[in-house]
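Here's a quick briefing to read alongside the structure. Have a look at it, then run through the points below.

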Amino acid sequence: MLLSHVEIWTGCWEYVSRPYTVLICSLGAALCYLWGRKCQPPTVVSSKTFGAFLKKHCPVVTEVFTPTPWCWGGRFQTLVFALLKSKPPVTYRKCVVFNNRGVAGEELLTPVTYCAASTADLEHVVSYVKGLYPHAPVLGAGVSFGGMLLLNYLARKRTESGLVAGITISVPWDTMKSAASMEEPLNWLLFNKFLTRGLCSAVTSHRQSVSLMNAFTSLMFGYKTCTDYYNDASPYKRLPSTTVPIVCLNAADDPFSPHYAFPVSIVQDLPNVALVMTAHGGHMAFLQGMFPRGEGFMDRLVGQYVQAVFEHQRDINKACGVKED
């Protein structure tokens, strides 16, 4: 996707369950969940200089975040976002479209699909884009699974990533803990069984290209067990290897990314990573206003950060201790 400069966006939009199920489950806990809790600005964990840069150029991080008053809880926020969020027309020119192998209706041409720990395809895409626009600064944005992929890529490529900055939304930091959260009864009912159904459908549709095996992702990518894959895919442990400025937005009530897995202690010691945490917001939602179809907190943060990176590249590099060529 192109804005004022070349950008790469990698994301994964999850399936959600029926609206009335979430409504019934959420209304009972609504009053005790938010009423009586004072809304406050996001918590920003970062170095002093990076934090100062964000407060100056991304003022949304200093504002009180008040979620949609009738949309209680992370599960309900997640559902409402998927069902009601508007998709305004945006004029842009496609330079490259990066779809994970075998998704978005694409034919699977190889006996390999994709996983969050395998960054070779993203590396190829970035290299191709840089070949088209060798002098344009490139920013990577990853949502959910795409955020995991982006962070793992930035950690592996370090100074050779080809990107000037990154931003992630609702990243599952520790895949083992995310998997445990999604196996909780309500999360399983509302989300996990539909995700599983979608993955099984994708595998079935490419049966001729992929040998259907138990735990085929772990076997396909050389892992002995799915636990080995989960541990390798978790991006929290690789944050110290990243070198470009990165902003990571997460909500404490995200069922896909439990708050107790947020890498707060790791980010505290890093000059180039800022963890922006809201008390509410669900998974990829962060809805605001009585009728949350327009621009929300997430949209504003992304817009302000992208603009700040491209217009103040030297300043953000200095704030994050990035050495310029």
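Is arginine 300 buried, partly exposed or exposed? Arginine 300 comes out as partly exposed, at 22% relative accessibility. Keep in mind that this is a predicted model.

**Salt bridges**
- Glutamate 63 and arginine 300 pair up through their side chains, with N to O at 2.7 Å.
- Glutamate 63 sits in the loop between H2 and helix H3 (74–84) and arginine 300 in helix H11, so this pair ties together parts 237 residues apart in sequence.
- Glutamate 63 is partly exposed too, with a relative accessible area of 31%.
- Lysine 157 bridges to glutamate 123, and their closest N and O atoms are 3.0 Å apart.
- That pair connects helix H5 (residues 145–157) with helix H4 (residues 120–132), 34 residues apart in sequence.
- Arginine 156 has a salt bridge with aspartate 232, at 3.8 Å between the closest N and O atoms.
- Here the link runs from helix H5 to helix H9 (residues 226–233), with the partners 76 residues apart.
- Shared partners join Arg156, Asp232 and Arg238 into one salt-bridge network.

**Surface patch**
- Trp70, Leu83, Leu84, Met290 and Phe291 make up a nonpolar surface patch, with about 540 Å² of accessible area together.
- Methionine 290 lies in the loop between strand E6 (273–278) and helix H11 (297–311), and is partly exposed at 48% relative accessible area.

**Serine 46**
- You'll find serine 46 in the loop between strand E2 (43–45) and helix H2 (48–57).
- Its side chain reaches the backbone nitrogen of glycine 51 at 3.3 Å.

Definitions and conventions
Residues are numbered from 1 along each chain as its sequence is written. This is a predicted model: local features need pLDDT of at least 70, side-chain atom pairs count only at pLDDT 80 or more; totals for chains, interfaces and linings use all residues. Side-chain values use heavy atoms; hydrogens and water are left out. Helices (H or I, at least four residues) and strands (E, at least two) are DSSP runs, numbered from the N terminus. A polar contact is a pair of N or O atoms within 3.5 Å; within protein, one must be able to donate a hydrogen and the other to accept it, and residues adjacent in sequence count only if both atoms are side-chain atoms. Patches are made of residues with over 30% relative accessible area and no salt bridge: like charges are joined within 9 Å, nonpolar side chains (Val, Leu, Ile, Met, Phe, Trp, Tyr) within 5 Å. Accessible areas come from the Shrake-Rupley method with a 1.4 Å probe; for residues, only the protein chains shown count as cover. A salt bridge is a side-chain nitrogen of Lys or Arg within 4 Å of a carboxyl oxygen of Asp or Glu. Buried means under 20% relative accessible area, exposed over 50%, partly exposed in between (1.4 Å probe, protein chains only).
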